[in-house]
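Me: I have a structure here that I have not looked at before. Can you walk me through it?

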Amino acid sequence: MGGVTSSVAARLAFFPPSPPSYELVRDAATGLTMLNRFPHRENVEVMTLQTRRGNEIVAVYVRNPMASSTLLYSHGNAADLGQMYELFVELAIHLRVNLMGYDYSGYGQSSGKPSEQNTYADIEAAYKCLEENYGAKEEDIILYGQSVGSGPTLELAARLPRLRAVVLHSPILSGVRVMYPVKRTYWFDIYKNIDKIPFVNCPVLVIHGTADEVVDCSHGKQLWELCKEKYEPLWLKGGNHCNLELFPEYIRHLKKFINTVEKSSSQRNIWRKSMDQFEPSRRSTDCFEPSRRSFDYREKPRYITEKGKNNDYRSGNLEKVEKLRISFDRLDKSRRSVDCLEKSRKNTDTMERARKSVDRLDRIWAGKPSH
């Protein structure tokens with residue numbers, strides 16, 4: 001079953017830029033690792049991290065001396081660090097946060113192959129690096145997941161009860177739900193965000209474009225409805241899947257959210273400290289160990305009332321399940337990628353301008369007209 005799930009994930013979700021948009025180089029004078037496309041910055045570190053699945057992934061850490069929060073950013077499926085680098089630098093400046101971004105296994109110069117389980121190991125490695133190398137605490141970390149990146153983001157967030165916040169940017173309910181409006185979760189589905197978000201205990205901001213033709217805005221809206229701790233969502237009128245950062249409202253709303261959770265977290269920390277005396281402390285990374293099976297929803301419907309009704313429901317849907325599985329063989333002709341495969345490949349120049357145009361981002365976020 002795991003092999004089938006991995007195969008479905010690879011076909012639906014992962015389209016790393018080919019060739020990668022960057023190479024890793026080592027500066028002869030300083031011995032520092034850098035992305036070959038960008039000059040060295042004093043506040044930016046490039047590194048490689050080992051994952052528990054044996055892969056070596058590339059990560060970038062952007063330091064802001066004014067920061068009290070750290071953003072762990074999981075990017076979309078058709079990008080790599082070379083395309084995201086300048087956006088990361090700008091976000092760290094405008095939001096006054098430290099920021100870590102990373103490439104999934106098989107992306108950029110990261111080793112291995114893309115898979116759902118590998119992305120879970122990848123984000124865990126990045127999170128552990130923040131704790132162990134940079135001294136970040138769980139309660140100061142904000143997880144940010146864009147599109148497919150919402151999968152590893154919610155997988156981790158559901159197991160970290162003390163997180164400061166979560167941001168979901170054009171998120172998916174699940175892999176299969178991007179293509180089919182199914183009412184339940186099937187064992188072969190991937191990134192079952194719809195089943196995990198009720199376990200997230202921190203404030204959640206959802207951002208989605210109303211004109212998104214890749215992941216319908218209804219995905220973001222339904223995830224927001226399922227949040228325990230909702231924050232005012234941002235539905236960007238006319239926004240599509242790949243351009244939300246260019247809307248002035250994007251950076252304003254994101255900055256407001258971060259300011260709000262930073263203020264409220266001080267009160268939350270007082271309460272948590274009072275509770276700590278009643279239970280032994282433990283490292284937040286302990287949650288990465290054997291409890292992972294708790295989110296294995298194979299062959300379980302999301303809502304179970306009575307055994308009899310459940311059995312009838314399951315048998316009545318066997319034909320639908322079989323049709324869904326067979327339909328995967330036809331995806332090469334009819335599928336739309338989870339994260340704008342076709343648009344990103346046919347319009348590479350457009351994406352590059354959106355990601356790289358720092359001057360344009362500054363003008364837009366400052367509310368000035370662009371030329």
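**Helix H7 and onward**

Reply: Start with helix H7, residues 217-226, where Cys217, His219, Gly220, Leu223 and Trp224 are buried. Keep in mind that this is a predicted model.

Me: Why would residues a few places apart point the same way?

Reply: An α-helix has 3.6 residues a turn, so residues three or four places apart point the same way.

Me: And what do the buried residues of H7 pack against?

Reply: They pack against strand S8 (165-169), H5, H6, strand S9 (203-209), strand S10 (229-230) and strand S11 (234-236).

Me: Back to Cys217. What is its relative accessibility?

Reply: Cys217 has 7% relative accessibility, so it counts as buried, the cut-off being under 20%.

Me: How many disulfides are there?

Reply: The count is zero. Take Cys202: the nearest cysteine sulfur belongs to Cys227 and is 8.9 Å away, and Cys202 is in no disulfide. A pair would need its sulfur atoms within 2.5 Å to count.

Me: Is Cys202 buried or exposed?

Reply: Cys202 is buried, as its relative accessible area is 3%.

Me: Zooming out, how many helices and strands does the protein have?

Reply: The protein has 14 helices and eleven strands. It has 371 residues, and buried ones make up 54% of them.

Me: Which share of the contacts joins residues at least 24 apart?

Reply: The share is 74%, taken among contacts between residues at least 6 apart in sequence.

Me: Let's switch to aromatics. How many aromatic pairs are there?

Reply: The count comes to eleven aromatic pairs. One of them is Tyr120 with Tyr191: the ring centres are 6.0 Å apart and the planes are at 75 degrees, so this pair is edge-to-face.

Me: What about Trp187 and Phe188?

Reply: Their ring centres are 5.5 Å apart and their planes are at 90 degrees, so that pair is edge-to-face too. Trp187 counts as buried, at 10% relative accessibility. Phe188 is buried with a relative accessible area of 1%.

Me: Where does Phe188 lie?

Reply: Phe188 lies in the loop between H5 and H6. Its C-alpha atom is separated by 9.6 Å from that of Gly175, which is 13 residues away along the chain.

Me: Which lysines lie over the face of a Trp ring?

Reply: Lys221 lies over the face of Trp235, at 5.8 Å from the ring centre. Lys230 lies over the face of Trp224, also at 5.8 Å from the ring centre. Trp224 is among the buried residues of H7.

Me: New topic, the backbone. Which peptide bond is cis?

Reply: The bond from Ser18 to Pro19 is cis, with omega near 0 degrees. Pro19 is in the loop between helix H1 (2-13) and strand S1 (24-26).

Me: What is phi of Arg96, and what about Ser170?

Reply: Phi of Arg96 is near 55 degrees, a positive value in a residue other than glycine. For Ser170, phi is near 50 degrees, again positive in a residue other than glycine.

Me: Last one: what is Leu35 in contact with?

Reply: Leaving aside neighbours within four places in sequence, its contacts include Tyr22, Val46, Leu81 and Tyr85. Leu35 lies in strand S2 (residues 33-35) and is buried, with a relative accessible area of 2%.

How values were computed:
Residues numbered from 1 in each chain as written. Predicted model: local features only at pLDDT ≥ 70, side-chain atom pairs only at ≥ 80, totals over all residues. Heavy atoms only, no water. Phe/Tyr/Trp six-rings, centres within 6.5 Å; stacked < 30°, edge-to-face > 60°. Buried < 20%, exposed > 50% of the residue type's maximum accessible area, 1.4 Å probe, protein only. Lys NZ or Arg CZ within 6 Å of the ring centre and 35° of its normal. Helix = DSSP H or I, 4+ residues; strand = E, 2+ residues; numbered from the N terminus. Contact = heavy atoms within 4.5 Å.
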